[in-house]
Amino acid sequence: PSCVSSMSSLLAEADAEAADAKSAFARREYESAAVGFGRAIELHEQQGSSTAALHLLHCNHAAALAALGFHEAALAAARRSIAIGGDSFVKGHYRAALALVELERWEEAAQACEAALAITPESAQLLALIDKCRRGAVQRTEAELLRAALPQEEPSADALSPSVQSGASALSAPVLVPTAEMAAAAAAALESDWAAAQERTRAARDQRTNRAKTERERLETELR
């Protein structure tokens, strides 16, 4: 009985911490919210909490950490929520995607969105986020290619030793440097690849929806 009473006390304290943390988050007191959710998680783990309580707490903890700008920690919390709640926990994938976007890890963010869209394929919020991820990846690649296309600064001849100067004069062959046009063409090709990937995702989503509809109609027929 004393053990049961102790566990009940821990659970009540954890629930109170979680409720206070939610209120703090609503007031935009994100540091208090993060501390409160963290404390609630510790208390639930001490008393062997249910999976449902823990995965939701980790997800809320991720939201508070993200609001403070701790995106690596938010990503870790979101991934813990998925590990506990299972791959079907859409909100965990969404929180992970948001953290990855802030970290500019665009491909990983798109993968997190795809995992969530496999569960809720019609979510406008997720569809908008995955488009943002793909645009971010294209823009990053384009920027990298443009930087590579810039002329490389060479040291002046006066800064070179006599032996190096004589060698440099003998090696006067031009160096091929990528041009802005080459960079733009590569970026356009990558953007086309992303568009094709998006179309494949949409086709797969439609196929899943049609299969679910067919299965639902079959079950309805059997139950008549």
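Modeller: Here are some labels and the rules behind them.

Modeller: This is a predicted model: local features need pLDDT of at least 70, side-chain atom pairs count only at pLDDT 80 or more, and totals for chains, interfaces and linings use all residues. Residues are numbered from 1 along each chain as its sequence is written, and side-chain values use heavy atoms, without hydrogens and water.

Biologist: Why is Cys-113 in no disulfide?

Modeller: A disulfide is a pair of cysteine sulfur atoms within 2.5 Å. The nearest cysteine sulfur to Cys-113 belongs to Cys-133, and it is 4.2 Å away.

Biologist: What makes Cys-113 buried?

Modeller: Buried means under 20% relative accessible area, exposed over 50%, partly exposed in between (1.4 Å probe, protein chains only). Cys-113 has 0%, so it is buried. Cys-133 is also at 0%, and therefore buried.

Biologist: Why is Arg-28 called exposed?

Modeller: Its relative accessibility is 67%, so Arg-28 counts as exposed. Arg-28 sits in the loop between helix 1 (2-26) and helix 2 (30-46). Helices are DSSP runs (H or I, at least four residues), numbered from the N terminus.

Biologist: What is the phi of Arg-28?

Modeller: Arg-28 has a positive phi of about 65 degrees, although it is not a glycine. Most residues other than glycine have a negative phi.

Biologist: How do you know that Glu-104 is exposed?

Modeller: Glu-104 has 52% relative accessibility, so it counts as exposed. Glu-104 lies in the loop between helix 5 (90-102) and helix 6 (106-117). Its phi is positive, near 60 degrees.

Conventions. Helix = DSSP H or I, 4+ residues; strand = E, 2+ residues; numbered from the N terminus.
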